[in-house]
Amino acid sequence: MSFEETVRAHAADLYRYAYWLTRDRAQAEDVVQEALLRSWRAFPRLRDRAAAKAWLFTIVRNEFLRAAGGADPAAESLDGLEVADERPELFGLEVRDALHALPASYAEPLALQVLGGFSCAEIADMIGTTEGAAMTRLTRARQALKRLLAPRERKAGRS
Amino acid sequence: MNCLDYRRQLLAGAGETETMRMHRMQCGGCAAEYQEHNAFEQALRAGLEVPVPAGFAERMARAQVARRRRFLAAAASVAVAAGAGGFYFLARQDPVALACIDFVMKEEAKSIMLGPMPRAAAATAVASTLPLERIERVGQVRHIGPCPFNGATAYHVVLMVPQGKVTLLVMPGKRMPGARHATKEGMHAEVMPMGAGSVGIIGADLAVVESVAGALKA
């Protein structure tokens, strides 16, 4: 697969991943553009083309860290997470609202797992932690999302 | 496997293993949990899939094609202008410049994560090589901090210029006899003598690296 084909295949998920890192559409686009600029000349030397997706996600992450000047998502915690107001909406959009309330350190592994399809071991490698810690973060992220969504579900159940 | 293990593994989202499936087939509570989990995962995917700008993938792919054409055209004109001997000279890879690129590729994120140093201390540390005020005239300093480099302490600067981002490595007390260059994995580095030391300029775009080098010298 050529670099252009690889870009076409993964650009949408790279953008979405960058969005959950930056929480800003324009910044997400900038991060992906810069990351692709860095990766295109190195691509011919990439020995395992099957690993291109993980490689591109890692470059997007590094580019985000560079652009953020050291704002590492791993530094955040779930402390002080507030349950959002009750608002009847479509469930997918409700989850998106809840994801916005989630610190980037928890939204990021979810994006890597759900959008990227990466295993816990791959995620751990990408975000620089252990497999166990990545699993814990993924579990806590889902628990927090369910907690955030609970009032809405209760309200939907009542009506 | 018990219900607690089943639900714990399900919540981590890694998918259902054969052992988990066997447990679910025999446990009504976990079967119900599994159904609820699947509905949640569908909603989670829908939530994560934020709308992508129209034509984004195609635009990104076309940009790569255009970039390759520009690169090939530039390489061809350099080869014609410089001749074979000149091209060999330009292509020679300097070890310090290569080390600068390796730093950006492997160490930069870690260095940034260690945090910046106070501005006054940074200004004093780089003053004899490249005054901080001169760096700030060229672009916005996003990070400055000490880092081990090439057997000594250098100062790592992430600089935002109008054309994008570049990295500077200010090396006090290590003055190179002349300018050095290297290109590796899509990154370019120029190391030049300045003041009592040397400065490495590293970036993804050769034109921007050269432009920043010129501006810092001016």
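What share of the 218 residues in chain B is buried? Buried residues make up 39% of them, where buried means under 20% relative accessible area, exposed means over 50%, and partly exposed lies in between, with a 1.4 Å probe and protein chains only.

Before I go on, a word on the source: this is a predicted model, in which local features need pLDDT of at least 70 and side-chain atom pairs count only at pLDDT 80 or more, while totals for chains, interfaces and linings use all residues. Residues are numbered from 1 along each chain as its sequence is written, chains are lettered from A and ligands numbered from 1 in the order in which they are written, and side-chain values use heavy atoms, with hydrogens and water left out.

Let me begin with the fold of chain B, which has eight helices and six strands; these are DSSP runs numbered from the N terminus, helices being H or I with at least four residues and strands being E with at least two. Read from the N terminus, the order is α-α-α-α-α-α-α-β-β-β-β-β-β-α. If we take contact to mean heavy atoms within 4.5 Å, then, of the contacts in chain B with a separation of 6 or more, 47% join residues 24 or more positions apart.

One residue to look at in the helical part is Arg24(B), in helix α2, residues 18-26. Is Arg24(B) buried or exposed? Arg24(B) counts as buried, at 17% relative accessibility, and, leaving aside neighbours within four places in sequence, it is in contact with Tyr6(B), Glu16(B), Cys30(B), Ala31(B) and Tyr34(B).

In the strand part, two loop residues carry a positive phi without being glycine. Asn150(B), with phi near 55°, sits in the loop between β1 (140-149) and β2 (152-161), and is partly exposed at 39% relative accessibility. Glu185(B), with phi of about 45°, belongs to the loop between β4 (180-184) and β5, and is likewise partly exposed, at 29%.

Turning to the cysteines, the structure holds zero disulfides over all chains, a disulfide being a pair of cysteine sulfur atoms within 2.5 Å. For Cys3(B), the nearest cysteine sulfur, that of Cys27(B), is 3.7 Å away, and Cys3(B) is partly exposed with a relative accessible area of 33%. For Cys147(B), the nearest cysteine sulfur is that of Cys100(B), 9.5 Å away, and Cys147(B) counts as buried at 5%.

Finally, the interface with chain A, where 45 residues of chain B are in contact with 49 residues of chain A. The two chains bury about 4,600 Å² between them, 64% of it on carbon and sulfur atoms, and here buried area is the accessible area (1.4 Å probe) that two parts lose on being put together, summed over both. Leu11(B), Phe40(B) and Leu48(B) supply 15% of the area that chain B buries against chain A, more than any other three residues.

Between the chains the count is five salt bridges, each a side-chain nitrogen of Lys or Arg within 4 Å of a carboxyl oxygen of Asp or Glu. One of these joins Arg59(B) to Glu29(A), with the closest N and O atoms 2.6 Å apart. Which elements give two or more residues to this side of chain B? They are α1 (3-11), α3 (28-48), α4 (56-91), α5 (95-113), β3 (164-171) and β5 (187-194), and the largest share, 11 residues, comes from α4(B).
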